[in-house]
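I set out to record what I looked up in this structure. The entries follow the order of my reading.

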Amino acid sequence: MSLFRALIILFICLAAGGSVAAMRPETVRVALLKGVESVRVDGSGVLLTDGRGEPLDLELPLDVRRSFSGVSVNGKNVDRLIAVAAGKLIVNGKGYRSKVEVSAAEKGLLVVNDLPLEEYLVGLINCEISSAWPIEAVKAQAVIARSYAVFQMQARRGAPYQLESSVMDQVYDGADGEDSRAARGVEETAGQVLTYDGKTIQAFYHSNCAGHTESSKNVWGMSVPYLQGVACLYCGGANPIKWELKLPLKKVESSLRAAGYQVAGIRECRVRGRNESGRVQEVLVESSRGKVAVPGVAFRKALGYGAVKSTNFDLRQSGDELSVTGSGSGHGVGLCQWGAKGRANEGFDYREILSYYYPGVKLSDGYGR
């Protein structure tokens with residue numbers, strides 16, 4: 001083994017908080033950026049290789065771009081770039097732990113953070129909730145985020161990455177959001193995941209259910225025993241729980257057409273049916289081409305998740321404008337984060353919170369294996 005490769009191993013162990021003799025901890029690969037034209041990499045005490053184990057002697061910061069044969073790092077063409085540091089690596093101004101890989105993708109660059117799972121969780125907490133929330137809510141968030149990550153790691157084993165750093169999976173902005181309370185929530189639940197029939201669950205969660213969580217069947221068409229809707233009496237403290245959106249009918253039309261619905265000259269949009277949780281089951285859209293039934297989840301997706309915050313909404317039309325008023329935020333499946341906060345404030349511990357929102361699950365050690 002070359003001295004350089006030995007140093008790489010040492011740096012990985014140090015970044016993971018362990019010794020050289022310790023086993024490398026469970027690690028996760030998180031896609032930070034996809035399809036970007038360039039990326040800037042910086043840091044201190046950084047070791048660089050070209051993906052084949054050969055060292056790169058380049059001056060930081062690095063300007064990394066897509067090249068014809070792979071990637072270009074400060075003008076030097078390599079297959080890919082691997083950067084390892086005992087401290088933080090800085091990618092486009094944000095700090096990340098352990099190791100960052102930059103490779104050529106079908107379009108632009110793929111930037112992946114490869115790091116210990118528990119460190120990933122510490123950086124994630126303040127992206128999903130606030131670590132200033134009651135510690136039992138923080139611990140509940142740590143367990144469900146770990147469970148979701150382990151499920152995806154198993155499902156996407158061997159893939160270039162197992163998780164995205166956005167709402168497509170779990171929001172993660174790196175190490176800059178770490179603090180002592182986030183670390184405490186992760187440490188006091190270390191290795192714990194939720195399991196059902198001995199397997200780690202896909203622990204979906206959302207911001208605010210506005211009084212009742214949703215069944216996975218109503219959102220994705222699949223009924224999962226531990227993802228059934230339950231009443232939630234503790235999320236009313238979310239601010240704002242209510243929201244309103246006003247859109248021109250032409251905007252609604254263009255959004256629905258882009259989603260594949262054959263509408264033109266919309267005359268009316270109205271709610272037609274609600275499911276057992278009170279959410280919109282269908283929206284009936286009447287246009288010059290006739291009537292089209294759009295599932296509530298598809299209507300929300302077409303108009304944008306950031307605009308229509310949930311499927312718990314009402315529609316009101318005035319002239320050429322559609323008013324959408326609703327409550328809650330997110331798909332509604334699994335744990336309600338604001339509900340978990342409310343329950344923690346009332347004295348429930350994280351085990352009680354988790355067992356309520358995921359009926360029939362068990363809290364297991366060792367990543368559910």
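Which residues does Leu-249 touch, not counting residues up to four places away in sequence? I found Ile-266, Gln-317, Gly-319, Asp-320, Glu-321 and Leu-322, where contact means heavy atoms within 4.5 Å.

I noted that this is a predicted model, in which local features need pLDDT of at least 70, side-chain atom pairs count only at pLDDT 80 or more, and totals for chains, interfaces and linings use all residues. Residues are numbered from 1 along each chain as its sequence is written, and side-chain values use heavy atoms, with hydrogens and water left out.

I placed Leu-249 in helix H6 (residues 249-258); helices (H or I, at least four residues) and strands (E, at least two) are DSSP runs, numbered from the N terminus. Leu-249 counts as buried because its relative accessibility is 6%, the cut-off being under 20% relative accessible area (1.4 Å probe, protein chains only).

I then turned to strand S3 (residues 46-49), where Val-46 and Leu-48 point one way, Leu-47 and Thr-49 point the other way, and all are buried. In a regular strand the side chains alternate between the two faces of the sheet. I recorded that S3 pairs with strand S7 (residues 80-91) in the antiparallel sense over four bridges; pairing requires that DSSP finds at least two bridges between two strands. Opposite Leu-48 I found Ala-83 in S7.

Lastly, I looked up a separation: the C-alpha atoms of Leu-249 and His-331 are 24 Å apart, and the two residues lie 82 residues apart along the chain.

How values were computed: Buried < 20%, exposed > 50% of the residue type's maximum accessible area, 1.4 Å probe, protein only.
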